[in-house]
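Please examine the sequence and the structure shown below. The questions that follow take up the strands, the helices and the loops in turn.

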Amino acid sequence: MAGQQFQYDDSGNTFFYFLTSFVGLIVIPATYYLWPRDQNAEQIRLKSLRRVHGRCLWYRLRLMKSQQSVVPTLKKAALLFGWAVFLLLAYKVSKLEREYQEYNPYEVLNLDPGASVSEIKKQYRVLSLKFHPDKGGDEATFMRIAKAYAALTNEESRKNWLIHGNPDGPGGKRSCWFSDYFKCSHSCIDAGEVFIGTWWYRSIRYSGDQILINTTQLFMHFMYKTPNMNMKRLAMVLTAAFEFDPRSNKEATIRPTDNIEVPQLIRELGNINVKKKEPPFCYPYSLKARVLVLAHLARMDVSEELEEDQRFVVRKSPALLQEMINVGCQLTMMANSRGGFHAPRLVTIENCMKLTQMIVQGLQESKSPLLQLPHFEEEHLRYCISKKYKVRTLQDLVSLKDSDRRSMLRFLGEEKYDEVMAVLGSFPHITMDTKLQVLDDEDSNNITAGSIVTVTVTLTRKRMAVRNKTLKTKTKVWQNKSKGAKKTAKSKKKKLTKKKATPAPAKTKQANGNVAGNVMTAAAAKEEEDEASDKGSESDEGEANKDSPSERDEDSDKQSDTEVDEMAGDDEEEWEALQQSIQRRERALLETKSKVTHPVYSLYFPEEKQEWWWLYIADRRDQTLVSMPYHVCTLKDTEEVELKFPAPSKTGNYQYSVILRSDSYLGLDQIKPLKVAASCGGFKLVSVGME
């Protein structure tokens, strides 16, 4: 209606409201995600790791980066500039004065409200002659005059003015800032579309683990083509990944000096299948990456330019090998469900795991795991493998007496020896406890054909130094038990010769100070005496003292009631255990555990890496996977993992292995045999032991 109020922003001030909101939507989230974190906390953490990891390549690179990096300063400067612009716009908006005015065609024509049509036409002629562009007048003023005249004389324009407050109708409420707003909004939308399009184009090229889809397809092709892949072939497939091709990854580079330096490294390395013409192994990027990986495993020195490229290749390799393991598992599942082709052999998947360990530690397959320690060189190994010590593994080194260990490592000074012991004490020692059952079944211990068997593995991580103390303690207990058993055997022989009814429990201390053996001997002698007295009483009574039929019935009823109660108790215990397992699984699904576990000690790996593990069940005789490898990335102290596999459909004895492999250290893998006996009535767990 004519009295309706509408807001017009002829000054364009409303544009600043939009601009302020737009800048705020960018600056506030960017500050939360991009503001540099506290550098002091990182410096304190690095300082605490210095004693053990001070010689590691990644540690030295991290220190150099923290000292020379200007990125945090640039981030802070950019964010502070954004906040300055945002506060300036907010201040300007707070000072703006809003102007409200009603559109009145009588005021435009300088007429009184209620003027007649003849007066309106007369005034329009006067103003047209004065402001017409052909007469030298202002075009904008003339357009306002024509619009006001139409609002008072044209029926449709007058109706729009009376109803909507503007002769142009509902769309006429656009203010003069609308064009600026539209232009800015259109620019923002275009920029957003470009950003989303770029992100989408890049994201569709990668898998969920940020591996190029083309690389995954390449791995699948060669693992399907070569199910049994040795280490040399595996290294060729790894370095053929498109992550190392400059055409697919901008981080990869091909330098003009590669034509000189790469052939020189090839001559030093020896036979690396250079003459193989199978694509993509013969491509320059693949050959260069292969040479750099092999030089890293041989711990060879390279030039500064190649060293940068080598660090890039080595840093990418563990994630690529994990993708190869995933591809091998997918092919195995496809072969088990569909058939028609051979699944990758177990040795292929395990070679991927071994190659990951080798790349992280910078060691060849045939080298001693003792070379993972600092200050150990090839010439020092002869002291370790001598007939006197016979130390070939890290566990052998830990189990030595301190005096023997110090004597064997006499080529090290005191400081170096202390450093070696500190590093060795930081290495992990994992204890692995397994429990086999069939969840969601009436009898969890009876494994029937077609059921899903669940092996619950509890992993506990301790330091290698703690394990040394544990070994000493266990040795003492074992000695006590053996001595106690010997004493018990001697007491049995003595009792049989003398035929005493009640031997007195002797507590005299022996020369070795062992009291536990005497106590165990007395207890065993007492049990034997009770058994002999029971047998004697039974032989004396004979058949004359047999129970009456009524007494036998009562005893049988009591025995049946007792069995029923025991079965009910067992059912309740199984039910409680099942509920606890379900609750643990639900909590595990809801919890998001950090993948930061323990930093790996690696002398030649260019990036800080965390301790992760692979856990799986395999049939080593048939060289097949029974359960897919589970990548344990959250083992800090204790972790519980459930491995599932279908029960075998044929009767017989099955020997599986529960295998734990490190993805960072050599020589710390564990294998635990899992034996299952299958019969027509079901399957039964025979034994679980440690290899």
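**Strands, helices and loops**

Q: How many of the 11 residues of strand β7 are buried?
A: This is a predicted model, in which local features need pLDDT of at least 70, side-chain atom pairs count only at pLDDT 80 or more, and totals for chains, interfaces and linings use all residues. Residues are numbered from 1 along each chain as its sequence is written, and side-chain values use heavy atoms, with hydrogens and water left out. A residue is buried under 20% relative accessible area, exposed over 50%, and partly exposed in between (1.4 Å probe, protein chains only). Strand β7, at residues 652–662, is mostly covered, and its buried residues number eight.

Q: Which residue of β7 stands opposite W614?
A: Strands here are DSSP runs of E with at least two residues, helices are runs of H or I with at least four, and both are numbered from the N terminus. Two strands pair if DSSP finds at least two bridges between them. Strand β3 (residues 613–619) pairs with β7 in the antiparallel sense over six bridges. Opposite W614, β7 places R661.

Q: Which strands stand at the edges of the open sheet of three strands?
A: The order of the open sheet is β1-β2-β6, with antiparallel pairing. Each edge strand has a single partner strand, so one side of each is left without a neighbour in the sheet. The strands at the edges are β1 (428–437) and β6 (638–646).

Q: By what angle are neighbouring strands of this sheet turned against each other on average?
A: Axes are lines fitted to C-alpha atoms, for helices over the stretch in contact, and angles run from 0 to 180 degrees between N-to-C directions. For the sheet β1-β2-β6, the average ignores direction and comes to 25°.

Q: Which residue is the bridge partner of L459 in β6?
A: Strands of a sheet pair through backbone hydrogen bonds, either parallel or antiparallel. Strand β2 (residues 452–463) runs antiparallel to β6, and nine bridges join them. In β6, L459 has as its bridge partner E639.

Q: How are α11 and α14 oriented to each other?
A: Two packed helices are described by the angle between their axes and the distance between the axes. Helix α11 (residues 231–239) packs on helix α14 (residues 304–337) at an angle of about 110°, with the axes 10 Å apart. Angles under 35 degrees count as roughly parallel, over 145 as roughly antiparallel, 65 to 115 as roughly perpendicular and the rest as oblique. The orientation of α11 to α14 is therefore roughly perpendicular.

Q: How many nonpolar residues does the contact of α11 with α14 hold?
A: Contact means heavy atoms within 4.5 Å. From α11, L234, V237 and L238 meet S317, L320, L321 and M324 of α14. Ala, Val, Leu, Ile, Met, Phe, Trp, Tyr, Cys and Pro count as nonpolar, Asp, Glu, Lys and Arg as charged, and the others, Gly among them, as polar. The contact has one polar residue and no charged residue, and its nonpolar residues number six.

Q: How many charged residues does the contact of α13 with α14 hold?
A: Helix α13 (residues 284–297) packs on α14 at about 85°, with the axes 9 Å apart. The two helices are therefore roughly perpendicular. Residues of α13 in this contact include K288, and those of α14 include D309. Seven residues of the contact are nonpolar and three are polar, while the charged residues number two.

Q: Is Q210 buried or exposed?
A: The loop between α9 (178–203) and α10 (213–225) holds Q210. Q210 has a positive phi of about 60° although it is not a glycine. Most residues other than glycine have a negative phi, and most peptide bonds are trans. At 53% relative accessibility, Q210 is exposed.

Q: What is the relative accessible area of R299?
A: R299 lies in the loop between α13 and α14. Its phi is near 55°, a positive value in a residue other than glycine. R299 is partly exposed, at 24%.

Q: Which form, cis or trans, does the peptide bond from P279 to P280 take?
A: P280 is found in the loop between α12 (258–269) and α13. The omega of the bond from P279 to P280 is near 0°, and its form is cis.
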